[in-house]
Amino acid sequence: MTKYNHPIGRQMYNFIHLLLTDEVNTFFEDVQAAFDSRHICVVLMRKHAAGGKGYVFSTGFSDSFEPRHVALVDCLRPGDVWQGTKADVSNFLGTSSAILGSPIDSIIGLPLRGSNSYATYLYLLPRQPLNRRSLAALKLLSQGAATVFEAALQQQFVLGGITSVDSFPRDPLVWYRGLFSNHPYAVFLLSVQGVLLEANARTWELLECSDDGVIGNDGTFFFPNTGVAVSKTEKFIIAASGGSVSFDIAIVTPKGNRKVVNITYLPVTEKSTTIGVYAIVRDITRRMLVQHSLREREYQLKLVLEGADVGWWDWDLRQQTYQCDPKWWAMLGYLMSEVPQFQNFEDLFEQLIHPDDVAVAAQAIKEAVANGTNNYAVAYQLKHKDGHYVPVMSRGFITFGPDMLPARISGINMDITQSKNAEQAVQRSENNLKTVFKNTEVGYILVDRNLQIVSFNQPARVFTLCDYNKELKEGESIYAYATPEAHAANQQLYSAVLGGLKQKLSKKIVSNDGDVRYYEITFSPVSECGVTQGFIISLEHVTERVKADLDRTRSFNLLAEQNKRLLNFSYIVSHNLRSHTGNIKSLLSFLREAENADEQNEMMGMLEAVSEQLNDTITNLNEVVSLHQNVNLLLEDLCLWQYIGRAEDVLRGQIIAKDVLVLNNVPRDIVLRYNAAYLESIILNFLSNAIKYAHPDRQPQVEFCTTYKNGAVVLHITDNGMGIDLDRHGDKLFGLYRTFHNNADAKGIGLFLTKSQVDYMGGRIEVESEPDKGTTFKIFF
Amino acid sequence: MKPLDSICIIDDDNIYTFLLKKTISKLNAADNIVTYPNGREALDGLIAQIKNGEQLPQVILLDINMPVVDGWTFLEEFADYKESVLKHTDIYIVSSSIADEDRKRAVQYKEIKDYLVKPLASATILKLVETHTMAGGEPR
């Protein structure tokens with residue numbers, strides 16, 4: 001108590017500290033500190049409800065409440081902070097500032113909410129104005145304190161029984177008397193021996209007895225059920241020896257009612273000696289019952305919350321207090337014993353919330369306040385003890401004060417890591433799918449029921465090359481990518497797919513630069529609940545596969561060809577050799593039976609001819625066999641033009657004899673990588689064939705020229721000879737021992753050999769011919 | 001044995017043709033022997049005979065592998081006349097091919113009496129003359 005040095009502060013303290021709670025005392029301590037600092041002066045003013053003249057309840061410098069003060073107080077509405085200028089200060093205080101002896105530059109007026117018929121109080125601030133942060137802190141302090149103080153003021157007036165300004169007593173003793181007799185608590189004074197000296201009216205009410213014979217009693221009245229004298233109780237003894245003590249106790253009144261009361265014993269001292277004890281008794285029965293039921297309900301709530309796996313929090317904006325339950329903290333990995341300390345809830349929030357979420361959370365509360373709704377829900381992340389962030393769903397309930405400002409926000413937090421993870425997993429798998437969709441080599445186009453393109457990936461762009469050169473676009477009809485001629489066919493195709501049937505087709509696409517690509521296009525219906533919702537067009541680039549297939553077919557054909565040759569070979573062996581040997585056999589038997597020398601000579605001559613033919617046949621067969629033995633041929637760079645010239649030279653005799661016109665129109669710079677013997681043989685064969693089968697009615701003409709196909713040289717050999725009936729002989733043209741003209745030289749081996757050689761080098765021969773017009777052979781090297 | 005009026009040989013092997021002609025003459029198997037070097041000429045000659053109302057040879061010995069028109073083609077074109085005019089003509093395939101393929105193909109032509117392999121033995125020639133006579137094919 002010695003620290004209340006300032007006379008006014010002490011006076012105020014002495015006046016009410018006995019009757020007020022600790023909280024109020026704390027406030028007065030702060031007020032005292034303000035007085036002591038001489039920088040802040042607290043002015044407590046009482047304002048008359050009807051206006052006009054008022055009184056300053058207690059100030060350090062003025063005890064009159066003038067109209068100008070009333071004007072100031074009137075302009076302050078609940079929640080306002082009024083900050084006056086220097087002029088306002090002098091206007092408000094008049095000459096009072098001189099009394100304070102300390103220059104004051106500004107006034108902050110803070111109204112007492114809900115009590116505008118009574119008073120306000122003003123902080124008069126020192127020369128250095130407070131910065132914004134301090135101002136806000138002061139406001140919060142004053143709001144919190146104001147509630148308490150308001151209560152204190154109300155009590156004073158109740159205690160004093162003074163409701164009229166006019167009868168406002170000037171003598172403090174009248175105050176004390178009034179306070180004593182009208183105090184809502186039972187207040188009585190005991191001697192140190194425990195004898196009741198004085199009691200207020202409330203005492204009899206509480207204890208349910210009359211004052212008859214109680215004054216001067218030894219205090220057994222107090223605990224009628226036990227009959228124990230007050231002076232004998234432990235707590236009283238403490239107070240009688242100068243200590244103050246407060247405790248709850250259950251009593252039974254003479255009427256038999258059970259009550260729970262709170263008793264505070266306060267020693268009355270004079271010159272360091274305890275001369276008496278004040279007893280303040282409050283009936284807390286109701287409070288206890290309420291508390292009990294509250295505790296019960298709290299317990300139930302706790303069970304519910306625990307079961308629900310949520311943590312609750314409660315933030316009192318006025319008191320600047322907060323509370324978060326163990327579950328709340330457990331979500332962030334804290335035991336209650338490890339929970340870090342924060343100045344207030346805002347501080348806690350700033351420290352724990354993910355920086356990215358601050359704005360979102362603030363916005364949610366702000367919106368709820370602005371809309372006047374009581375509750376809101378917002379997801380944000382809070383920092384776990386381990387440093388990572390925990391996603392939570394926070395549902396808050398806002399309680400508004402009488403000033404319509406949020407007074408309290410409470411709610412629950414729920415850990416949504418799992419649903420968040422599930423959400424992320426879905427997102428991830430969607431991303432994976434997207435990655436596949438984007439990066440796969442297969443082109444995809446998603447088409448909806450209405451045949452509009454929903455989506456497509458990069459490789460799918462080739463689709464446009466199919467029929468119609470147009471950029472793929474989402475939302476565009478799939479029909480836009482085909483020519484009108486293809487419309488009917490496509491319509492049939494799409495309706496089949498939408499009917500749930502998968503469709504597949506192959507497409508050869510030739511790009512502008514002649515690049516040939518093969519695509520396999522699949523139309524797969526996408527159905528949901530048995531209904532086709534659309535389809536997926538997948539375009540697979542299968543050129544490699546098709547080429548491999550073609551290669552395989554080629555190899556197969558080559559093998560078949562070889563097989564055919566082998567069959568031919570066996571045919572020759574069986575047919576040609578047999579026909580010769582048959583002839584020889586017949587000749588020999590005729591020779592044996594020859595009747596004269598002439599006949600014998602004739603037979604001998606024929607035998608010679610047959611022997612010659614047999615020799616030819618064997619030579620030809622040798623050629624065929626040796627051709628198929630050449631596994632590794634030497635390849636050289638050969639000038640095609642030169643080789644044609646060489647063949648002309650070889651056949652010069654026939655060319656001149658038949659007056660053949662040979663046109664060598666092959667460019668001289670064409671160089672083939674080929675086997676020299678083969679090339680020579682091939683050209684010689686075609687040229688000699690052309691000469692051999694020249695049309696008898698016109699001058700024979702043979703032209704050699706070249707074109708290119710897929711970058712390879714194609715040699716055309718065109719004659720105006722007899723031609724070949726391809727319908728009849730096409731399949732046998734290159735067979736061994738196949739002759740189609742009644743020509744003496746025809747042996748049926750030239751084309752067979754030529755074809756074999758070209759095949760062997762990986763090329764092919766095409767033929768166009770019309771009987772009596774001529775023939776064109778195309779050799780693809 | 002009464003010789004046939006006429007035998008036709010269609011073959012591009014002139015040595016064989018010569019020898020066969022000689023054998024037939026020796027055997028006195030036919031009074032006339034007609035030869036053609038390929039199917040085209042045979043068709044031309046025989047169809048001309050039909051058109052002129054002349055008698056066709058009673059036996060035709062047909063080679064398969066010939067230039068211009070081979071044996072098979074000959075058969076196909078000649079078949080058009082077979083039913084009406086050629087009832088009394090026996091057609092034999094005579095080939096040095098012993099390939100199964102050829103033999104099987106020959107069976108498919110109902111016009112073909114038999115498939116014979118070169119060289120023809122004298123006994124074979126006599127047999128086919130006899131066959132023609134026995135089958136009631138009246139020598140004309």
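Which residue is the bridge partner of Cys8(B) in β2(B)?

1. The model under review is a predicted one. In answer to the question above, Cys8(B) has Val34(B) of β2(B) as its bridge partner. The strands concerned are β1 of chain B, residues 4-10, and β2(B); they run parallel and are joined by six bridges.

2. These two strands belong to an open sheet of five strands in chain B, arranged in the order β2-β1-β3-β4-β5 with parallel pairing. At its edges lie β2 (30-36) and β5 (112-117) of chain B, each of which pairs on one side only. From one strand to the next, the twist averages 20°.

3. Helix α4 of chain B, residues 100-108, packs on this sheet and touches β4 (90-95) and β5 of chain B. The direction of α4 makes about 165° with that of β5(B).

4. Helix α20 (residues 676-692) and helix α22 (residues 750-760) of chain A have axes that come within 9 Å and cross at roughly 145°. The crossing of α20(A) past α22(A) is left-handed.

5. On the α20(A) side, the contact is made by Tyr678(A), Ser681(A), Ile682(A), Asn685(A), Phe686(A) and Asn689(A). The residues contributed by α22(A) are Gly750(A), Leu751(A), Thr754(A), Gln757(A), Val758(A) and Tyr760(A). Classified by type, the contact of α20(A) with α22(A) comprises six nonpolar and six polar residues, with no charged residues.

Conventions. Residues are numbered from 1 along each chain as its sequence is written. Chains are lettered from A and ligands numbered from 1 in the order in which they are written. This is a predicted model: local features need pLDDT of at least 70, side-chain atom pairs count only at pLDDT 80 or more; totals for chains, interfaces and linings use all residues. Side-chain values use heavy atoms; hydrogens and water are left out. Two strands pair if DSSP finds at least two bridges between them. Helices (H or I, at least four residues) and strands (E, at least two) are DSSP runs, numbered from the N terminus. Axes are lines fitted to C-alpha atoms, for helices over the stretch in contact, and angles run from 0 to 180 degrees between N-to-C directions. Contact means heavy atoms within 4.5 Å. A crossing is left-handed if the near helix is turned anticlockwise from the far one by less than a right angle, and right-handed if clockwise. Ala, Val, Leu, Ile, Met, Phe, Trp, Tyr, Cys and Pro count as nonpolar, Asp, Glu, Lys and Arg as charged, and the others, Gly among them, as polar.
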